[in-house]
Structure formats: C-alpha cells, structure tokens
Amino acid sequence: MYWNIFKRLSLFLLLCLSVISCTSRQEKEFKSEEKQKEVEELSSEEKIIRKIENKLKIPATEEYDIQFLKKYIDADTLIDALILVNREHHAFENVKKAIQNDSLRKLDLQHLKIMYLFN
C-alpha cells in the first residue's frame, strides 16, 4: 500500500517538475526573441547603407552622400534601384596623395580622352 502511494506521489512530482521546467524555458526563449527583434528593427535603406559602408570601407568620420533612385530601367516589370554614393572628399584626398607621389604623371591618359569624347 505504501509502495503504491510512493509511486503515485513520485509520478505526480515528476510531472509537475517537467511542466514547470518546460514553461520557464519557453518564457526565456520568448524574451530573447523580443530583444533580437528590437535590435534588428532597421529599415531596408539603413541596412543597405551599412552594407555599402562595410564594402567600401568608409570610416565613420568621412562625409559622403548617398542617393536612392527607384525607377524602371529595364523592359521588365520590376522596379530597379540605383544607389549613388558621392565620396567627393575621399576622391580629392586620393588625388592629392597621387600628385605628391608623382604617380599621376606616369598614367597613360589616352583612355580619359576617349571617355571625354563620349560625354
């Protein structure tokens, strides 16, 4: 008789512990998912800007301009996006460095003349 009561009591305690442990894990996972959603709430343009800064290795101190143009460029039905990045200051700094190193004088400027005719 005591053995049957012990079995029932131990089975009840085991069941209670398993239910409690399962609910607490779900709540912790749910809280961590909420935190991730708060962090990842960037607009698509902000994500694109971060990818561009990473790919072009643009430092945070540099001033640059980004324009997003969405137009139909091809004959298809999809809107195409043009992303224009203007790094004027960076270009001027690179030209100044090249002039100081005399590397511009060594360039063959024939391709620049051809591009000038097309513009």
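Predicted model: local features only at pLDDT ≥ 70, side-chain atom pairs only at ≥ 80, totals over all residues.
Biologist: What pattern does the protein chain follow, read along the sequence?
Modeller: The pattern is α-α-β-β-α-α. That comes to four helices and two strands. Helices (H or I, at least four residues) and strands (E, at least two) are DSSP runs, numbered from the N terminus.

Biologist: What is the mean pLDDT of the protein chain?
Modeller: The mean is 76, and 66% of the residues reach 70 or more. pLDDT is the predictor's confidence in each residue, from 0 to 100.

Biologist: New topic. How many of the 119 residues count as buried, in percent?
Modeller: The figure is 6%. Buried means under 20% relative accessible area, exposed over 50%, and partly exposed in between (1.4 Å probe, protein chains only).

Biologist: Where is arginine 87, and is it buried or exposed?
Modeller: Arginine 87 lies in the loop between strand S2 (80–86) and helix H3 (88–100). It counts as buried because its relative accessibility is 15%.

Biologist: What is arginine 87 in contact with, leaving aside neighbours within four places in sequence?
Modeller: Leu56, Lys57, Ile58, Glu62 and Tyr64. Contact means heavy atoms within 4.5 Å.

Biologist: Lysine 57, then. Where is it, and is it buried or exposed?
Modeller: Lysine 57 sits in the loop between helix H2 (44–56) and S1. With a relative accessible area of 70%, lysine 57 is exposed. It also has a positive phi of about 55 degrees, although it is not a glycine.

Biologist: Which residues make the nonpolar surface patch?
Modeller: Leu69, Ile73, Leu82 and Leu84 make it, over about 320 Å². Patches are made of residues with over 30% relative accessible area and no salt bridge; like charges are joined within 9 Å, nonpolar side chains (Val, Leu, Ile, Met, Phe, Trp, Tyr) within 5 Å. A salt bridge is a side-chain nitrogen of Lys or Arg within 4 Å of a carboxyl oxygen of Asp or Glu. Accessible areas come from the Shrake-Rupley method with a 1.4 Å probe; for residues, only the protein chains shown count as cover.

Biologist: Where is leucine 69?
Modeller: In strand S1 (residues 65–71). Leucine 69 counts as partly exposed because its relative accessibility is 33%.

Conventions: Residues numbered from 1 in each chain as written. Heavy atoms only, no water.
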